Amino acid sequence: MEIVEELGRILRTIIMMKKSNPSKALEEIRTAFKGTKFKDKDTFDSFSPDELATCIEENKIDYRSLDVITDLLLEEIEIKLDSAAPDNVAMLAEKAALLIDITDQKEKALKVFSFNRDVQRERLKELQARMPPQ
């Protein structure tokens, strides 16, 4: 639970600095991943969506952690789109969609209800509309 709270604090910091210092915000996102079961952002980025789903299942990653990780990915996508450096945003969006679905499934299994999945889906949809064609 402490890790989720710490990730939440980092997320708030990222949101506050994403417009004024986007490179620092991206650095904070990389730092945040060190506190997850993925250990670092490069490891997370190296997973295919199928490998990511397997990792989440094998490591029994909690829905609350997945929720914050999804928000971190959405922030990363937005920062990259705003900075006109949209490298790997399509893959990040695909992973964000996967995390939203897995989080939703975990919550339903635990009979937890959250409006955040709808908010995340809508935000992802808006970000995808801004993505350059591939």
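Predicted model: local features only at pLDDT ≥ 70, side-chain atom pairs only at ≥ 80, totals over all residues.
Start with the charged side chains. Searching the whole structure turns up 21 salt bridges. One of them pairs K19 with D82, whose closest N and O atoms sit 2.9 Å apart. This bridge spans distant parts of the chain: K19 belongs to the loop between α1 (2-17) and α2 (22-32), while D82 is in helix α5 (residues 63-82), and 63 residues separate the two. As for solvent, K19 counts as exposed because its relative accessible area, 57%, is over the 50% cut-off. D82 has a relative accessible area of 40%, which makes this residue partly exposed.

Another salt bridge brings together the side chains of R30 and D42, with an N to O distance of 2.5 Å. R30 comes from helix α2 and D42 from helix α3 (residues 41-46), so this bridge ties together parts twelve residues apart in sequence. Both ends are partly exposed: R30 has a relative accessible area of 37%, and D42 has one of 48%.

R64 and D62 make a salt bridge as well, and here the closest N and O atoms are 2.7 Å apart. R64 is partly exposed at a relative accessible area of 34%, and D62, at 26% relative accessibility, is also classed as partly exposed. Beyond individual pairs, salt bridges with shared partners link K18, K19, E75, E78, D82, R123 and R130 into one network.

Now for the helix pair. Two packed helices can be described by the angle between their axes and by the distance between those axes. For α5 and helix α6 (residues 89-109), the axes come within 9 Å and cross at roughly 155°. That angle is over 145 degrees, so α5 counts as roughly antiparallel to α6. The crossing of α5 past α6 is left-handed.

On the α5 side, the contact is made by Y63, L66, D67, I69, T70, L73, L74, E76, I77, K80 and L81. Facing them from α6 are V89, L92, A93, K95, A96, L99, I100, I102, T103, K106 and E107. Sorted by type, the residues of this contact between α5 and α6 comprise 14 nonpolar, two polar and six charged.

Key: Residues numbered from 1 in each chain as written. Heavy atoms only, no water. Salt bridge = Lys/Arg side-chain N within 4 Å of Asp/Glu carboxyl O. Helix = DSSP H or I, 4+ residues; strand = E, 2+ residues; numbered from the N terminus. Buried < 20%, exposed > 50% of the residue type's maximum accessible area, 1.4 Å probe, protein only. Axes fitted to C-alpha atoms, helices over the stretch in contact; angles between N-to-C directions. Parallel < 35°, antiparallel > 145°, perpendicular 65-115°, else oblique. Left-handed = near helix turned anticlockwise from the far one by under 90°. Contact = heavy atoms within 4.5 Å. Nonpolar A, V, L, I, M, F, W, Y, C, P; charged D, E, K, R; others polar.
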